[in-house]
Amino acid sequence: KMSDYIYSIEAKEVNKTFKKKTKETIALNNFNIEIKKGSIHGLLGPNGAGKSTFINILGGLVKKDNGNVSICGLDIDKNSKKSKFKIGIVPQELNIDPFFTPYELLELQAGLYGIKKIKRKTNEILSNVGLIDQKNSYARTLSGGMRRRLLVAKALVHSPEMLILDEPTAGVDVDLRRSLWNYIKEINKSGTTICLTTHYLEEAEELCDRITIINNGQIIKDDTKNNLLKLISNKTVLFQIQSNIILPNELKIFNPNIEDGYLKMTYDKNSTSLKEIIDILNKKNILFNEIKTYESDLEDIFLKLVQSS
């Protein structure tokens, strides 16, 4: 039964400093986050921002200096064993013993969690991650993409309520990335909360409901994906023009430039509509064949936020 809680992960004022001889590195600085049950939540940030430290605290691999963290309503200090059962973590490193088959690895993992043989779902999980045909092949013979899926499978053996994916598609080819994305969405639809770290912004755009952007161990932005996308309202438009033209003054506010037969302009879609620009061109008898428009994406937002933080 799913217990009653609103947030699958709740962290308050978490700090972590790593000390090496004389050097101190602040990995998390008064870090607060709430990850809503049932959501897909993205943690974004440059390398060294603190994402992996936070995940390692959740997994019990790193001890926080102070602050409170709960997983699915359970405080990790008071319920360290129980809270570990609520969470499945898919690490970045492909750390798989090469001398086991996927079937054996999942059975072994289930055994570590004390799941009785009758309750195990090894074949079901393997077919869900598309590895049922390889279930008896040695892990060393699997491709990188298959190994990545095997790690996801391993994290699911104890049916966790919350799944954490650390850079799930790093180094994975484009087709496989799609299929992993679809699988992540399916796991989420079946009721599992998902948190993923990524530096592929299209991954966050594709999957996440909410995004937290971290830099230097602190949160610089936490909002819905749609609100973050609205933050940047710039659009770029290209008109393929038929001849050399003299640019009318009315277009100067759009920073126009002409290159390879295209007139390129940028405008703020909150204050200007594309129709207004087209009307100016028509009025000035500037003929064009095609129009291409581009919206800014999370990449732009990310750079803007990280630069200003």
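1. Let me start with a pocket lining: that of the second largest pocket divides into 6 nonpolar, 5 polar and 4 charged residues. Here Ala, Val, Leu, Ile, Met, Phe, Trp, Tyr, Cys and Pro count as nonpolar, Asp, Glu, Lys and Arg as charged, and the others, Gly among them, as polar. The space in this second largest pocket is about 300 Å³. Of the 15 residues that line the second largest pocket, Lys121, Leu156, Ile187, Ser190 and Thr192 are the closest to its centre. Helices α4 (122-128) and α6 each supply at least two residues of that lining.

2. A word on the ground rules, since this is a predicted model: local features need pLDDT of at least 70, side-chain atom pairs count only at pLDDT 80 or more, and totals for chains, interfaces and linings use all residues. Residues are numbered from 1 along each chain as its sequence is written, and side-chain values use heavy atoms, with hydrogens and water left out.

3. On a 1 Å grid over the protein atoms alone, a pocket is an open set of points where a 1.4 Å probe fits, with protein on both sides within 12 Å along at least five of seven lines, and lining residues have an atom within 4 Å of a point. Grid points are joined across faces, edges and corners, and a volume is the space filled by probe spheres set on the points. Helices (H or I, at least four residues) and strands (E, at least two) are DSSP runs, numbered from the N terminus.

4. Now the largest pocket, which holds about 570 Å³ of space. It is lined by 22 residues, and Gly59, Leu61, Ile89, Pro91 and Tyr113 are the closest to its centre. At least two lining residues come from each of α1 (51-58), α2 (80-85), β6 (87-90) and α5 (144-156). By class, this lining has 10 nonpolar, 7 polar and 5 charged residues.

5. On to charge pairing: the whole structure has 12 salt bridges (a side-chain nitrogen of Lys or Arg within 4 Å of a carboxyl oxygen of Asp or Glu). One of them joins Glu202 and Arg177, at 3.6 Å from N to O. This pair links distant parts of the chain, with Glu202 in helix α7 (residues 201-207) and Arg177 in helix α6 (residues 174-189), 25 residues apart. Glu202 is partly exposed at 47% relative accessibility, whereas Arg177 is buried at 11% (buried means under 20% relative accessible area, exposed over 50%, partly exposed in between, with a 1.4 Å probe and protein chains only).

6. Arg178 and Glu206 also meet in a salt bridge, at 3.3 Å from N to O. Arg178 lies in helix α6 and Glu206 in helix α7, so this pair ties together parts that are 28 residues apart in sequence. Both partners are partly exposed, Arg178 at 40% and Glu206 at 27%.

7. Within helix α9 (residues 274-283), Lys275 and Asp279 sit 4 residues apart, about one turn of the helix. Their salt bridge has its closest N and O atoms 3.0 Å apart. Lys275 is exposed at 55%, and Asp279 is partly exposed at 36%. Elsewhere, Glu107, Lys117 and Arg120 are linked in a network of salt bridges.

8. Finally, do look at Thr197 in strand β8 (residues 193-198), which is buried at 1% relative accessibility. Leaving aside residues up to four places away in sequence, Thr197 touches Leu43, Lys51, Ile55, Leu165, Asp166, Glu167 and Pro168 (contact means heavy atoms within 4.5 Å). The side chains of Thr197 and Asp166 are joined by a polar contact of 2.6 Å. Such a contact is a pair of N or O atoms within 3.5 Å; within protein, one must be able to donate a hydrogen and the other to accept it, and residues adjacent in sequence count only if both atoms are side-chain atoms.
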